[in-house]
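I opened the model to see how its chain packs, and I note below what I looked up, in the order in which I went through it.

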Amino acid sequence: MSDDNAGRQGPPKEFRRKRSQPLPPDQRRSPRSGRVTVPPAAVRRRRTGLMVMGALSTLVLLASGTSWAITGWMSGALNRFDVFGALSEDGRPQSGSGGLTFLVIGSDARGEMSRENQDALSVGSAPGRRSDVIMLVRVNDDRDRVSVVGIPRDSWVDIPGEGEDKINAAYAYGGPTMTVRTVEALTDVRVDHYVEVDFEGFVDVVDALGGIEVCLPEAIDDPKAHLDMAAGTHEVDGAEALAFARTRATARGDLDRIDRQQQVLSAMLDRAMSTETLTDPARLAAFLESALSSVTVDEGLDGSSLNELAYQLRDLDLEEVTFTQVPIADMNHWTPRGDVALLWDEPAARDLFADVRADRPIREGEPSADASPEPPDPSDIRISVFNGTATPGLGARTDRNLGQVGFDVITPAANWDRRDLATTQIRHAPGDEAEAEFVSGVFPGSELVEDRALEDEVQVVLGFNYTTFNAPELPEPTPEETSAEDGPLATTTARENICG
């Protein structure tokens, strides 16, 4: 992608949109020259930030249900494409629950964008059409929760019939149909509807909403993005919103940029669903006109379907719109042809898409099924010690040892009703096997004994084979600066992302 004017200085030109209808996707094949093709950092920064913007308009449409219900007649203005006609049902995932899955694509086509607008938004002038944003948007069966899963464009995957390539190459191989086929094969989630967004319309959508509110914990000065913003809360127009979500001129770079992109989308949702937007006829008409002109959908997403979905989503709360992205195992995978791609964390990705498929809420930081379970915390295990031998003081010494490594010793050690116990027993209530096994590791050679008379307590009855106290190995404490965002799967809600 060209970024020929990205670094120019001076104030941006005024953005002026040339109205046009999106063209059908080109049937281009992906070039495989074998050369090293790592794009410059500046190009990657602008491309990724800009592409994310495309999906935002679509999510606003899904959330602004009252708008759709009032103006269902405008659904005929949507651009349509036959996405599913060439797909065979053989091998496609089953529908499963009654949830609806939208595949949202943001393409970077600039064929109808004037050079003036390219300069104003610093988007370059590269020809062609690529799928640089890929999102699965899941509306659950009850229509009271939306989950948004971002799929990185540089994911190294198997494209059906074509072999391994970056996932965004699926669009070049076979347009929307191949993209749907690839995503379904990877996720085992059936795609019900397809939505493609014209990026040039994003600025118009934000402006039609009357702008959005964003907030910054620290100032940003990024001449390349035409952004100079002080810390605090700001009301921004479409061009400023684009720059805000595109820059990475802050301490955490891409991590901060992802936070800002989610904040922009959440602010758009909040503004679109506000009373002012939905009750002002002029603003409502302008918003819908801008949104409709920037969206292409599959032929099955007709006016009736839109109106029905709109009515069902009319009371959607921002707390129930959840964002995440596919967990990544390797950020710097060198492909056989010599460029850099991303590899998914396959077990975590399977768990994520199983939740999507089953209409379950996305679970933040949940370990995959293949991961080892976390050991119990000794402080959560209530222990009492009994001496089953004739050795005096053995129970008291064991009490001290257990307390020193963090166990909750609830009573002073006492003698057992026998003084000739050969094997140390770890006695536990039904259902407390995990805690008992953990304690058993402290006393090598001990045996587990289920005792229905016990409740929320583990008893250690020392036998003659007790010679070694094996202190448990505990994981290192998590540093205070580590946050949930650094885990395998971080989620946020639209409510958490808006300024407040």
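**Contacts and overall make-up**

I began with contacts, meaning heavy atoms within 4.5 Å, and found that among those between residues at least 6 apart in sequence, 74% join residues at least 24 apart. I keep in mind that this is a predicted model, in which local features need pLDDT of at least 70 and side-chain atom pairs count only at pLDDT 80 or more, while totals for chains, interfaces and linings use all residues. Residues are numbered from 1 along each chain as its sequence is written, and side-chain values use heavy atoms, with hydrogens and water left out.

I counted 14 helices and 22 strands, taken as DSSP runs numbered from the N terminus (helices H or I, at least four residues; strands E, at least two). Of the 500 residues, 52% count as buried, that is, under 20% relative accessible area with a 1.4 Å probe and protein chains only.

**The cores**

I then looked for nonpolar cores, which are sets of buried Ala, Val, Leu, Ile, Met, Phe, Trp, Tyr and Cys residues joined through side-chain atoms within 4.5 Å. The largest has 30 residues, of which Leu103, Leu136, Val149, Ile151, Val180 and Phe353 touch the most other members. Two or more residues each come from strands S2 (100–107), S3 (131–139), S4 (146–151) and S5 (156–159), and from helices H4 (169–187) and H11 (346–357). H4 gives the largest share, seven residues. Another core, of 24 residues, lies apart from this one and includes Leu78, Phe102, Leu265 and Leu269.

Met135 lies in strand S3, and it counts as buried because its relative accessibility is 12%. From Met135 to Pro152 I read 8.6 Å, C-alpha to C-alpha, across 17 residues in sequence.

In helix H13 (residues 433–440) the buried residues are Ala436, Phe438, Val439 and Ser440. Their cover includes strands S16 (382–387), S19 (425–428), S20 (447–450) and S21 (458–462).

Which backbone angle stands out at Asp359, a residue that is not a glycine? I found a positive phi of about 65 degrees there. Asp359 sits in the loop between H11 and S16 and counts as buried, because its relative accessibility is 14%. Asp456, in the loop between S20 and S21, also has a positive phi, near 55 degrees, and is likewise a residue other than glycine.

How values were computed. Buried < 20%, exposed > 50% of the residue type's maximum accessible area, 1.4 Å probe, protein only.
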